[in-house]
Amino acid sequence: MNNLVLIGFMGSGKGTIGRLLARKTGRFFLDTDALIESFANRSIVEIFRTETEEAFRRYERDLAAWLARSVSAAVIATGGGMATAISRDDLRSIGETIYLQCDFATIARRLANEAEREKRPLAASIETLRDRFLEREAIYRARADRIIDANQSVEAVLEAIG
Ligand code: S3P
């Protein structure tokens with residue numbers, strides 16, 4: 001497949017790093033949230049509002065199966081819950097998984113910006129965000145082929161990925 005699949009919590013830099021990594025490695029860049037929005041013809045916020053979180057996870061699972069079947073030579077940034085919504089084998093059948101590990105303090109700082117939180121239905125409250133972060137941390141680790149310290153600058157993270 002030759003895909004690189006970025007996983008990690010909201011605010012860990014999957015989109016920013018993914019775009020640069022794609023250019024650096026001669027791949028194209030895909031963002032699972034953007035693909036779901038274009039397929040559903042609605043924003044993520046609207047999907048959560050008019051359907052349910054479970055419906056969104058179904059889109060993510062269907063998308064994961066399609067990516068594994070149909071996409072190669074891409075850098076793929078996943079939505080923060082996608083890696084936890086599908087099995088390790090299903091995730092790794094898409095490509096090499098790279099976990100952008102951030103401490104909660106880094107996440108909280110990046111998502112302190114209201115505009116960043118508004119695009120993310122699950123980020124309304126910092127307390128529930130922390131609970132989700134704690135729930136997911138071990139799952140990201142278990143799903144990762146590689147773990148990169150993403151508390152650093154964009155340049156340092158790209159360098160660490162190699
Ligand atoms: C989610 C993360 C979001 C988006 C949706 C749900 C999550 O993506 O998929 O709001 O459950 O962590 P980002 O990680 O790109 O913010």
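**Close-up views of the ligand site and an aromatic pair**

View 1. The model is predicted, so local features need pLDDT of at least 70 and side-chain atom pairs pLDDT 80 or more, while totals for chains, interfaces and linings use all residues. Residues are numbered from 1 along each chain as its sequence is written, and side-chain values use heavy atoms, with hydrogens and water left out.

View 2. Polar side-chain atoms of Arg57 and Arg136 each lie 2.7 Å from an oxygen atom of the ligand. At Gly81 a polar backbone atom is 3.3 Å from a ligand oxygen (a polar contact is a pair of N or O atoms within 3.5 Å). The protein buries 94% of the 380 Å² that the ligand exposes when taken alone (Shrake-Rupley method, 1.4 Å probe).

**View 3. The aromatic pair Phe9 and Phe133.** The whole structure has 5 aromatic pairs (ring centres within 6.5 Å). Phe9 and Phe133 form an edge-to-face pair, 5.4 Å centre to centre with 90 degrees between the planes (edge-to-face means over 60 degrees). Phe9 lies in the loop between strand E1 (4-7) and helix H1 (14-25) and Phe133 in helix H9 (residues 126-143), so the pair ties together parts 124 residues apart in sequence (helices, at least four residues, and strands, at least two, are DSSP runs).

Methods. A polar contact is a pair of N or O atoms within 3.5 Å; within protein, one must be able to donate a hydrogen and the other to accept it, and residues adjacent in sequence count only if both atoms are side-chain atoms. Rings of Phe, Tyr and Trp (its six-membered ring) pair if their centres lie within 6.5 Å; planes under 30 degrees apart count as stacked, over 60 as edge-to-face and the rest as tilted.
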